[in-house]
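User: I'm new to this one and would like to learn how to read its surface and its rings. Can you walk me through it?

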Amino acid sequence: MDNNDNNKDSNEFDILGSIENNEINLINLKIDLLLKYLEATGDYKESLKHLNIWKEFFLNKDENTLKSYFKSIMSFVSFFEDYAKKRITYLYK
């Protein structure tokens with residue numbers, strides 16, 4: 001397993017671990033920090049509009065629903081990353 005795989009597993013574990021330990025506030029804090037960073041760069045004005053809508057959507061959900069959403073998101077991210085790596089490897093053989 002290379003460093004990228006270790007980082008992926010570690011990052012996924014951190015997020016899923018936070019969800020499992022009812023640390024939704026920590027996730028909200030990380031989202032706020034990300035949004036503030038993107039805003040500070042000045043390069044993501046349109047994206048920020050959409051991300052803020054998603055943030056508000058998530059803030060209005062109960063904890064169990066959030067856990068379910070985040071697990072689904074992480075599952076899709078993992079699938080997409082694996083698919084993309086295989087596709088890129090195939091295209092650049």
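Analyst: Accessible area is worked out by the Shrake-Rupley method with a 1.4 Å probe. Keep in mind that this is a predicted model. Here the chain's accessible surface comes to about 7500 Å², and 56% of that belongs to carbon and sulfur atoms.

User: What pattern does the chain follow along the sequence?

Analyst: Reading along, you get α-α-α-α: four helices and zero strands. Buried residues account for 16% of the 93 residues.

User: Which residues make the nonpolar surface patch?

Analyst: For a patch like this, nonpolar side chains with over 30% relative accessible area are joined within 5 Å. In this chain, W54, F57, Y69, I73, F76, V77, F79, F80 and Y83 make one of about 920 Å². Helix 3 (45–59) and helix 4 (63–91) are the elements giving two or more residues to that patch. Helix 4 gives the most, with seven, while W54 lies in helix 3.

User: And the rings: how many aromatic pairs are there in the whole structure?

Analyst: Rings pair if their centres lie within 6.5 Å, and planes under 30 degrees apart count as stacked. A search of the whole structure finds nine pairs. One of them, F79 with Y83, is stacked, at 6.1 Å centre to centre and 25° between the planes. Ring pairs also link W54, F57, F58, Y69 and F70 into a cluster.

User: Why are F79 and Y83 about one helical turn apart?

Analyst: Because they sit four residues apart in helix 4. As for Y83, its relative accessibility is 47%, so it counts as partly exposed.

Conventions:
Residues are numbered from 1 along each chain as its sequence is written. This is a predicted model: local features need pLDDT of at least 70, side-chain atom pairs count only at pLDDT 80 or more; totals for chains, interfaces and linings use all residues. Side-chain values use heavy atoms; hydrogens and water are left out. Patches are made of residues with over 30% relative accessible area and no salt bridge: like charges are joined within 9 Å, nonpolar side chains (Val, Leu, Ile, Met, Phe, Trp, Tyr) within 5 Å. A salt bridge is a side-chain nitrogen of Lys or Arg within 4 Å of a carboxyl oxygen of Asp or Glu. Rings of Phe, Tyr and Trp (its six-membered ring) pair if their centres lie within 6.5 Å; planes under 30 degrees apart count as stacked, over 60 as edge-to-face and the rest as tilted. Buried means under 20% relative accessible area, exposed over 50%, partly exposed in between (1.4 Å probe, protein chains only).
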